[in-house]
Amino acid sequence: MIREMLSRLRIIPVLTVSSPEQALAVCEALQAGGIQGVEITLRSDAALDSISRVREAMPDFIVGAGTVKTATDLDSVAERGAAFAVSPGLSDDVVTRALARSTPLLPGVATASELMRGLAAGLDCFKLFPAEAVGGRALLKSLAAPFPEAAFCPTGGVNLDNVSDYLALPNVLCVGGSWMVADDLLAREDWPEVARLSAAAMELAGRV
């Protein structure tokens, strides 16, 4: 289920918001630029209400939850109806709770050992994080041969300059990034620029 969802999205903005109203405005701008989903991180007190607000107002837009670090976090985002959960690392507690709740989970990995733990738990889609810092495309190419069953969403250092290179890799389903929802754009409520950057990203994704 999550594999098909990620393949369809291709670009997942990683969004931290200050209010549900801001979240809705940003997501409307993202959708105007052709992006079909978002990861709203649990890095603000407004995150859970924002997930609910966007889901209710934009039923065709896929809303995931990021920075899910504990089983309690997983419960919270699942109860708000998040379409998927993203964790910065591989937590056995989070994996167990996600499987129990049938919540699609994208856990973070940075090494082959972490990847093997995730595969052993029954998962096959992972977030490579922080992608550029741990080897980026070179690491993904190295992991492809011994782990052909694994697919990835690299996040961390992905931007407009390298997004096409990442998406061209056969074991990459999508990428996560925040360049189209940068803090300065949100601060000045520059929704047209959010939409423009989103459209530019999706155009590149469509060429791969």
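Two rings of Phe, Tyr or Trp (its six-membered ring) count as a pair if their centres lie within 6.5 Å, and the pair is called stacked with planes under 30 degrees apart, edge-to-face over 60, and tilted for the rest. By this rule, the count here comes to 1 aromatic pair. The model is a predicted one, so to speak of local features takes a pLDDT of at least 70 and side-chain atom pairs count only at pLDDT 80 or more, while totals for chains, interfaces and linings use all residues. Residues are numbered from 1 along each chain as its sequence is written, and side-chain values use heavy atoms, with hydrogens and water left out.

The pair in question is Phe-126 with Phe-152, tilted, at 6.4 Å centre to centre and 40 degrees between the planes. Phe-126 belongs to strand 7 and Phe-152 to strand 8, so the pair ties together parts 26 residues apart in sequence. Helices (H or I, at least four residues) and strands (E, at least two) are DSSP runs, numbered from the N terminus. Both Phe-126 and Phe-152 are buried (under 20% relative accessible area with a 1.4 Å probe, protein chains only; exposed is over 50%, partly exposed in between).

Pairing here asks for at least two DSSP bridges between two strands, and 2 bridges join strand 6 to strand 7. Gly-108 stands opposite Lys-127 of strand 7. Lys-127 also lies over the face of Phe-129, 4.5 Å from the ring centre (the rule wants NZ of Lys or CZ of Arg within 6 Å of the centre and within 35 degrees of the ring normal). Likewise, the charged end of Arg-137 sits over the ring of Tyr-166, 5.3 Å from its centre.

Next comes helix 6 (residues 112-120), where Leu-115, Gly-118 and Leu-119 are buried. They span an arc of only 100 degrees around the axis, which puts them on the same side of helix 6 (the arc takes the directions from the helix axis to the C-beta atoms). Ser-113, Met-116 and Ala-120, on the other side, are exposed. The buried residues pack against strand 6, strand 7, helix 8 (136-144) and strand 8, through contacts (heavy atoms within 4.5 Å). Just past helix 6, Gly-122 takes a positive phi of about 105 degrees.
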